[in-house]
Amino acid sequence: MSVTRTPHAGPNFHFKPYNVGRWLIWGFFALALLVAPVIWTSGLAQTMLTQIGIAIIACLAYNILLGQGGMLSFGHSAYSGLGSFLAIHSLNLASSGSWNIPVSLVPLTGGLAGLGFAILLGYVSTKKAGTPFAMITLGIGELIWSMSLMLPEFSGGEGGVSGNRVFGKAVMGITFGPQIQVYYLVAVYCFICTALMFALTRTPLGRMLNAVRDNPERVEFIGYDTHSVRYMAFMLSGLFSGIAGGLAALNFEMVTAEVVGAARSGSYLLFTFLGGATFFFGPILGAILMVVALVLFSELTKAWLLYLGLIFLFMVMYAPGGLASLIMMNLRVAAFGKLRRLWASYLALAGTALTMLAGGGALVEMIYHTQLNEALGPELQFIGVTLNSEGIDAWFGSSFLLLVGIGLFEVARRQFRLEWDETQEEIEKEIKRRELL
Amino acid sequence: MSQSEFALELLDLRKSFGKSEIIRGTQLQVRRGERVAIIGPNGAGKSTLFNLISGRFAPSSGEIRLNGKRIDGRKPYEINRLGLARSFQVSNLFTRLSVFENIRCALLWSMGYRYAFWKFLAGLDDANDRTDELLELLKLDKRRDVLAMNLTYAEARVLEIGITIAGGADVILLDEPTAGMSKSETKRFIQLIRDATVGKTLLTVEHDMGVVFGLADKIAVLVYGEIIAFDVPDAVRADPRVQEAYLGSVLAEAQVAGSPA
C-alpha cells in the first residue's frame, strides 16, 4: 500500500503522501536502462542487453498468470511467438511499401496478435484453474507449434521468415540499423510495459486476480466470476507477450517455428520461477538470468542445461519464492539490523558450496568430455586446472572434493538454519512489541 | 426490487446426491428483516441447505426465491450480486492478502468497480473509506495490514463475517459462525454480528443454543431434510415433534458415545 492513512481521519480527509521511494525506484530503473549500454559497450553486451529488455517484458507478462493469478501455463510461447510472426510479416509488408507503418510501431502489431490469440484461445484455457488449466495450455501450445509447421506460408517452414528492419528514409537519423538503436527502442518499450504491468497490480482487476489465486471458491461468493477474472488477465498477458515477441522479431530480423515451441514456454516458466513469482520484480531478475544463461553459460560449458536443472531443483526445494524472495528476506533481516550476525554463516555456506561445486563440476565436465570431445585427447581445462579424464587421480580427486563439499555444506547449512530461525523469531517478537506500542 | 414480502422463500426444495435424498421438500418463508436460526441434528442437511441457497450446488427440484426472484440453479456470483451473501463454517479467506485487502475485495463488486483495470485502487476513496469503517466496526483496524494467514483463529472468524457483510447484501447466511470459539469469545462475537447485521435478513446454522437465542427471532428445525417447525423460540421448544426429534437424536448420540443419557 502506498497510501498510509491515520485511522481516525474523517471520511473526507485523504492524506496521500508523495511516494518518494517509488519515484526513486522507477527513476533508478529508467536510469539503468539508459546507461547500461554506456557501461557495457561491446557488441555482445549490446545484443544481450537488448535481449534482456525483451525477456523482461515476456517474463513479467508470464508472471501475470503464474505469480499473480496462480495459473501455471505450459504454452505461453504461443502468444509471444505468434506476436513474433505477425510482427515479421508486418515488417515485410512495411518494407515492401504496401503498408505504411513506422518500424518503431511494428512490435505493437505483435502485441495485437498476442491479444487476439489470447482472446480466441484464452476463453477455453481459463475456464478451469489448476491442473486442467496447465493441461489445456500445454495442448494449445502443441497445437500452435504443429500448426506453424503445417502452414509454411505463414511460418516459413523450417527456414523461418526473415525480414529487414532498415528501409525507407531515416527519421531524425534513426534507421534501426545499428544494434544500439534497437536497444533503445526495446528499452522504451520495456519501461512502458513494466510500468503498465505494475499499474495493473494496483487496480481492482489486479487485486481480484490475487484473490482468485488465493481462494477462487470464495471469490465466487463475493460477486466475481473467476473465469472472467482469469480470462481478462490472460488477455492482458497475451498482449504484453505479443509485444515482447514483436520486439524479438525486430531484433533478430528472423522468426523460426521454435518461437512457439515448448522449450520457449518452458524457459518462461523456469526463469520466472527462478527470479521469483511472488514479487513483482522477481521476473525481471529471472529475465536477466535467462539471457545470461542462454548466451553466456551455453558458451562456457556444454553441460549448462544440467547445471540449470540442478539450480532449478534446489530453488524449488529450498527457496520456492525465487531470487526475489531471498533478497527480500535478507533485506528484512538487514532492516532489523541482524544481518551482521549471519555473515559468518553465509561465508561458510558459500565456501562449502564452492568446494562442492568444484568437485561436482569437474566430474560433470569430465563425463561430458569423455562422451563428446574424445577426439581432443584426454585432457581438459576446468577453472584453470588441467584434468586428465583417463587418469584415476582426477576422478578420485574430484569425487573426494565433492563428498567433502557435501559433508561440510550440510554442517554449514544446519548451523545457518539454526541462526536463521533464531533471527526470524527475534524479528517476529520485535514486530509484536512494536505493534503494542 | 420486487414487492414480495419475503426476503427468502424455499418451495418444495429437494436435493439428492446419487440415490440418497438429503433435502426432501423443504418449505421455508423468511420475511424481510427476520433473524432465523436453523437447527437440527447432525446430518439433517443444514449445510447442504445453505449450499443450495447460495448457489454452490443446484437443487434437484423445487424453487428458491430471493426477494421474489427465482435464484435456484444460478451461479454463486449471480446470487451474490442479487443481494445474498454467505459465510463458511471453516474460514475461507484470501490467505496471502492483508486483512484490509480481504475486506476491500469483498466490496469492490457492490461498489461498481467490477473488473476495472483502468482505475487505481488507491484512488477509490469510497471503497477505501468503507473498508476502514468496516475494520473499525469489526475491531480489526489494528490488524489492518496483517496477512490473513497470520490471524488468530478468532480474528479469522471475524474476518470471515466481515467478508460476508462487506458487500452490503441484505440477506446474510452464516454457517456456524461461532464454531470452535471459546465461551467468552463467542459472547463478544455475537454482539459483533448483531451490530454488523442491523436491518438485514439473517439465517444462521448453529449448534450452540446460547447463540441461537442470542441471534434469532425465529427458529427453524430441520430434520432429515424437512423443516418440521418454524416459529418463535418458545413455540418451537413446546412443539412435541421437535422434542421427539431432538430427544431421539440426543439419545442416539449418547449411545454412540457409549455413555448413558
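The centres of domain 1 and domain 2 of chain A, taken over C-alpha atoms, sit 33 Å apart. Domain 1 covers 20–328 and domain 2 covers 336–436, with bounds that come from an automatic or database domain assignment. Where the two touch, domain 1 of chain A gives 4 residues and domain 2 of chain A gives 4 residues. Here, "in contact" means that the C-beta atoms of two residues, placed from the backbone, lie within 7 Å. On the domain 1 side you'll find 2 nonpolar residues, 1 polar and 1 charged. For that sorting, Ala, Val, Leu, Ile, Met, Phe, Trp, Tyr, Cys and Pro count as nonpolar, Asp, Glu, Lys and Arg as charged, and the others, Gly among them, as polar.

Keep in mind that this is a predicted model: local features need pLDDT of at least 70 and side-chain atom pairs count only at pLDDT 80 or more, while totals for chains, interfaces and linings use all residues. Residues are numbered from 1 along each chain as its sequence is written, and chains are lettered from A and ligands numbered from 1 in the order in which they are written.

Now for how the chains meet. Chain A puts 28 residues in contact with 33 residues of chain B. On the chain A side, helices H8 (204–214), H9 (216–220) and H10 (226–252) each supply at least two residues. H8(A) has the largest share, at 8 residues. The chain A side splits into 13 nonpolar, 8 polar and 7 charged residues. Helices (H or I, at least four residues) and strands (E, at least two) are DSSP runs, numbered from the N terminus.

Two helix pairs are worth a look. Axes are lines fitted to C-alpha atoms, for helices over the stretch in contact, and angles run from 0 to 180 degrees between N-to-C directions.

| Helix pair | Axis distance | Angle |
|---|---|---|
| H3 (99–108) and H5 (153–166) of chain B | 7 Å | about 25° |
| H4 (106–125) and H5 (130–150) of chain A | within 9 Å | roughly 145° |

H3(B) and H5(B) are therefore roughly parallel to each other, a label for angles under 35 degrees. Among the residues that meet there are B:Val99 and B:Ile103 in H3(B), and B:Leu159 and B:Ile163 in H5(B). That contact has 7 nonpolar residues, 2 polar and no charged.

In the chain A pair, A:Leu121, A:Val124 and A:Ser125 of H4(A) meet A:Phe133, A:Ile136, A:Thr137 and A:Ile140 of H5(A). The contact of H4(A) with H5(A) has 5 nonpolar residues, 2 polar and no charged.

On to the strands, which pair if DSSP finds at least two bridges between them. Chain B has an open sheet of 4 strands in the order S2-S1-S4-S5, with antiparallel pairing. Its edges are S2 (20–31) and S5 (69–70), each pairing on one side only. S1 (6–17) of chain B pairs with S2(B) over 9 bridges, and B:Arg14 stands opposite B:Arg24 in S2(B). Helix H1 (46–53) of chain B lies across S1, S2 and S4 (61–66) of that chain, at about 65° to S2(B).

Chain A has a hairpin to check out too. Its strands S3 (379–382) and S4 (385–388) are antiparallel partners over 4 bridges, and A:Gln381 has A:Thr386 as its bridge partner in S4(A). Between the strands of this hairpin there are 2 residues, and A:Ile383 takes a positive phi near 30°.

Terms used: Parallel < 35°, antiparallel > 145°, perpendicular 65-115°, else oblique.
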